[in-house]
Amino acid sequence: MRQIVDYSEISKLVTTHMKKGVLTNNFMRPEEYRAEISAGTLYAHKYNGGLLLLRKREGRHLLTFYINDREVLPDIELPPDTVTGIPQKPASAGEAVAYWTRFGMSPLGDYIRLVREAGSVLVSEESTVHIASESDFDGIHALLHDCFDLRTGCLPSAAELRDDIKCGMVLCIKDNGIGGVLRFGEFSGRAEILHLAVREDLRGRRVGHALVGAFIARYNEKKCTVWMREGYAPALKIYTTAGFSPDGMRSTLLGYE
């Protein structure tokens, strides 16, 4: 893998591999590439069958790809903590899963996407929910790491989390420290819940409902989305109560041991 240090380099590589019939799970925006380059976390590898992009994170590496030839496997050994997510709605998704299974990756979990349409019936906003401040960073960081696996939880880096807090993209509930967290983002006219975490001793006390309600109150006039692990009933109940429903989009997370 070669570290990418210039945006023009990655732009040229990606453009070269964007061909008809290509298999890809890469939807990064120019500003995301630039942020990765600035942080020194973006790597690329070109091989006869396509292009691999690797982003370094705490406890894992995130793999995205362009596969131009399904018969040619990568000629490189990936780090053992590499994970990749493959959307399941496109007809080619099964091909991508089969490709990486042949390479040696294994399923780590299935995820579904839920959507709440703009202008749905508004749920009540809870006054106990606050926009997180910089002083809340340590508690928020600790709760996210307690509730999500480093490898599969797509957790933000410390720098990303600090930026999200600074930009007002993190909601929290305080109860002898940080009791609940909702991290979100804005993407092309929609808002997406990225992480929802509730401290173990507060579960069953509608903390998650309160956080999602506050998020909806802020974005009721926009389409809202969230990805959740399939079969996790507590989260599904919170989201469906707030007006979310599955839209048929699925994703399989694969890992390289």
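## Strand S6 and its partners

Let's start with a pair of residues in this predicted model: His61 sits opposite Thr82, which belongs to strand S6. The strands involved, S5 and S6, pair in the parallel sense over 2 bridges.

S6 also has a partner in strand S13 (residues 245-256), where 6 bridges join the two in an antiparallel run. Here Thr82 turns up again, this time opposite Tyr256 in S13. How many of the residues of S6 are buried? In this strand, residues 82-87, the count is 5 of the 6, so S6 is largely enclosed by the rest of the structure.

Now for a helix. H2 covers residues 30-39, and its buried residues are Tyr33, Glu36 and Ile37. Looking down the axis of H2, you would find these buried residues within an arc of 100 degrees, so they line one face of the helix.

What do the buried residues of H2 pack against? Their partners are helix H1 (7-17) and the strands S3 (42-47), S4 (50-57) and S5 (60-67). On the face turned away from the buried side, Ser38 and Ala39 are exposed. Just after H2 comes Gly40, with a positive phi of about 75 degrees.

## A look at Ile112

Ile112 lies in strand S7, residues 105-116. Is Ile112 buried or exposed? Its relative accessibility is 14%, under the 20% cut-off, so Ile112 counts as buried.

Setting aside neighbours within four places in sequence, Ile112 is in contact with Val226, Trp227, Met228, Glu230, Met249 and Arg250.

Definitions and conventions: Residues numbered from 1 in each chain as written. Predicted model: local features only at pLDDT ≥ 70, side-chain atom pairs only at ≥ 80, totals over all residues. Heavy atoms only, no water. Buried < 20%, exposed > 50% of the residue type's maximum accessible area, 1.4 Å probe, protein only. Helix = DSSP H or I, 4+ residues; strand = E, 2+ residues; numbered from the N terminus. Arc of directions from axis to C-beta. Contact = heavy atoms within 4.5 Å. Pairing = 2+ DSSP bridges.
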